[in-house]
Amino acid sequence: MQLETESLPDDILKINLSGRMDVVGTQAIDLKFTSHTANRRAVIVDMSDVAFLASIGMRTLMLAAKAVFARGWRMVLLNPDSNVTHVLEMAGIDTLIPICRSLDEARTAVAA
């Protein structure tokens, strides 16, 4: 699992994930992911290159989102593939963390 970050205008942090969010993959990025989301007002998590999402990966996303939302800030998921979207929807995570299909939509969602 790979994690890269980029700063977007309006103090938005974009986290680009790629690989498998299984036990091994999630453990490889968990600490970095948590530290990057800990103090940012607006976070876009680009999941377009995530090939697999296990429950441990969902846990990482949910814990980060809860921390972000508790401070009144915003976090969204960007363009997960159809299989990952299905897993997110089956777990009900899409009702807690919005899923956006374009970067413009994601930027609007976190800026609102």
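**Exercise 1.** Which residues does Asp-46 touch, not counting residues up to four places away in sequence? State also where Asp-46 sits and whether it is buried or exposed.

*Solution.* The model is predicted.
- Step 1: Asp-46 belongs to strand S3.
- Step 2: With sequence neighbours up to four places away left out, Asp-46 touches Lys-14, Ile-15, Asn-16, Leu-17 and Leu-78.
- Step 3: One of these, Lys-14, also makes a polar contact, side chain to side chain, with Asp-46 (3.3 Å).
- Step 4: Buried means under 20% relative accessible area. The relative accessibility of Asp-46 is 12%, so Asp-46 is buried.

**Exercise 2.** Locate Arg-40 and find the side chain with which its own side chain makes a polar contact.

*Solution.* 
- Step 1: Beyond four places in sequence, Arg-40 touches Ser-7, Asp-11, Ile-12, Leu-13 and Trp-73.
- Step 2: The side chain of Asp-11 is the partner in a polar contact with the Arg-40 side chain, at 3.3 Å.
- Step 3: Arg-40 has a relative accessible area of 18%, and therefore counts as buried.

**Exercise 3.** Name the residues that make a nonpolar surface patch of about 250 Å², and decide whether Val-24 is buried or exposed.

*Solution.* 
- Step 1: The patch is made by Val-23, Val-24 and Ile-56.
- Step 2: Val-24 is part of helix H1.
- Step 3: Exposed means over 50% relative accessible area. Val-24 has 64% relative accessibility, so Val-24 is exposed.

How values were computed: Residues numbered from 1 in each chain as written. Predicted model: local features only at pLDDT ≥ 70, side-chain atom pairs only at ≥ 80, totals over all residues. Heavy atoms only, no water. Helix = DSSP H or I, 4+ residues; strand = E, 2+ residues; numbered from the N terminus. Buried < 20%, exposed > 50% of the residue type's maximum accessible area, 1.4 Å probe, protein only. Polar contact = N/O pair within 3.5 Å; in protein donor to acceptor, adjacent residues only side chain to side chain. Contact = heavy atoms within 4.5 Å. Patch = residues over 30% accessible without salt bridge, like charges linked within 9 Å, V, L, I, M, F, W, Y side chains within 5 Å. Areas by Shrake-Rupley, 256 points an atom, 1.4 Å probe, with all protein chains shown as cover. Salt bridge = Lys/Arg side-chain N within 4 Å of Asp/Glu carboxyl O.
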